[in-house]
Amino acid sequence: MNRNEELKQQAYSAVKKQSSTVRLDPYFPAYHLAPPAGLLNDPNGWIQWKGIYHLFFQWMPFDTAHGAKFWGHFSSENLTDWTLEPIALTPSDWFDKNGCYSGSAIGSDDKLTLFYTGNVKNEQNQRESYQCVAESTDGRTFEKKGVKVELPEGFTAHFRDPKVWQHKDNWYMVIGAQTKEETGSVAFLESNDLEKWTYRGILSHANQEPFHDFGYMWECPDLFELGGKDILLFSPQGIASDGIQYNNEYQSGYAIGKLNYDSAQFTHEDFVELDRGFEFYAPQTTLDDKGRRILVGWMGVPDQNEFKQPTVKEGWLHQMTLPRELKLIDGTIFQIPLEEMKELRTTQTIKESGKQQHTASISRASEVQVDGKIQKLTLFDNMTLQFNEQSKLLTLERPSYADGQTERRSCLLPNGLYSLQLFIDHSSVEIFVNQGEAVFTSRMFADEGVSTLFAEGYEELQITAWTLRNDAVNMKNEYSAEG
Ligand code: FRU
């Protein structure tokens, strides 16, 4: 058996051993994507190809730890119902032996092409990184094509996460990078045949105006057009928290600007955090055939008490966010739940209006919509969201899963708070504020038996809630115990 097959078989049997425990965990999500066993991190290769949406993920099948990552794979026709596909990539070759790290996908009529980083620790235990390609003609089985980009001068081996797109007749790639001076940056490459890549320079870095000392490493860049602007999305590391900003261990956000493809210059505005919650990192976008720019993020943050999460003892860790549509409205990126998410609704459990205070019981997989001048919302006696009319601050509080201490994340809503849409799923919540003006994404490890929702308004509120489906993700597969 070759190394690739061997690693696949080992991963499949690791999943077989663990998957029933994983699926019985009351914290396992009903409709979010989570690993069949082991640790999931970044979304990778996010694309709609020949009508099917493909979402790959960074995956450690053997343990709830980071390490030599595989690419796991989910597919969907409608963005609500997902199927776990066979393993896409294993760290089986000299150029990716310590991990098939993050990357992206592009599609043509006859093939789906993946770009990823081969992470290597050499004999001296030094890091090497290679940008690699794998191809598929059926969207299920992938053949590696080896290394396409070597490390350019001026960077450390922290050089990874290629995102590729087409503009006019050429192909472009951004790579998350660290310069030899240990500044976070984004490298820019160009190709006219997807084979030979030319390094064009740095698009932005931690000291490029308006940034100053903005981190020692930038991960997972993405560059795309939205509302007539060019948006650079990236996940910087090494930024100190500043008031209500940058409170997570590492951040994810965007800078709006203009990319000049001829001069390889990107001029941009300041960095804006994309999500205000406790767990959100390494998002990636794609454009679908309806022209929507759709983002998926990892509902986790590296090095942020990851291994203190209670699911570790059940043999799984982390999940993805729901896909969200991006819109640029008055200079701010709004994130909006997709229309398709309505298909997750089953029974309506609440429809109330005309009261200032509401207490209700909801399912642990629910969508909740609250409209009106909201003051306070409590979920499962565990998480509280509170809006202060004077300061205009909306604050989410929860007990830390590391030490039980109350922790907070806030955002400023200059025009007040008038709407909340919550997607609750066993151990997570995504809170869309004012139709996407802000989002709080967080894990929520509330006591299992508690089902109370409490809402209070400055005035009367309208509340609607639905129980959501628990059969949207099909994990039955040739390699799961259920298959
Ligand atoms: C971001 C990241 C990427 C890397 C991957 C490894 O979470 O560190 O930069 O490619 O995870 O799993």
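View 1. At 1% relative accessibility, A282 counts as buried, where buried means under 20% relative accessible area, exposed means over 50%, and partly exposed is in between (1.4 Å probe, protein chains only). A282 sits in strand β18; helices (H or I, at least four residues) and strands (E, at least two) are DSSP runs, numbered from the N terminus. The phi of A282 is near 50°, a positive value in a residue other than glycine. For background, most residues other than glycine have a negative phi. A word on the model: it is predicted, so local features need pLDDT of at least 70 and side-chain atom pairs count only at pLDDT 80 or more, while totals for chains, interfaces and linings use all residues. Residues are numbered from 1 along each chain as its sequence is written, and side-chain values use heavy atoms, with hydrogens and water left out.

View 2. You will find H318 in the loop between β20 (316–317) and β21 (324–329). Is H318 buried or exposed? With 0% relative accessibility, H318 counts as buried. Its phi is near 80°, a positive value in a residue other than glycine.

**View 3. The cis peptide bond at P210.** E209 and P210 are joined by a cis peptide bond, with omega about 0°. P210 belongs to the loop between β12 (198–205) and β13 (217–226). By way of context, most peptide bonds are trans.

**View 4. The largest nonpolar core.** This core has 49 residues, and those with the most contacts inside it are Y31, W46, F74 and W82. A nonpolar core is a set of buried Ala, Val, Leu, Ile, Met, Phe, Trp, Tyr and Cys residues joined through side-chain atoms within 4.5 Å. The elements that give it two or more residues include α1 (3–24), β1 (38–49), β18 (281–287) and β32 (452–468). Which element gives the most to this core? That is α1, with 5 residues. In soluble globular proteins, nonpolar side chains tend to be buried together.

**View 5. T467 and its neighbours.** T467 is part of strand β32 and, at 18% relative accessibility, counts as buried. Leaving aside residues up to four places away in sequence, T467 touches L344, R345, T346, T347, T349, S363, A365 and S366; contact means heavy atoms within 4.5 Å.

**View 6. N382, a buried loop residue.** N382 lies in the loop between β25 (374–379) and β26 (383–388). Its relative accessibility is 16%, so N382 counts as buried. What does N382 touch, not counting residues up to four places away in sequence? Its partners are E397, R398, P399, M444, F445 and A446. I350 is 32 residues from N382 in sequence, and their C-alpha atoms are 20 Å apart in space.

**View 7. The setting of the close-ups.** Zooming out, the protein chain has 1 helix and 33 strands, and its C-alpha atoms fill a box of roughly 65 × 55 × 45 Å, taken along the principal axes. Buried residues make up 61% of the 483 residues. Among contacts between residues at least 6 apart in sequence, 59% join residues at least 24 apart.
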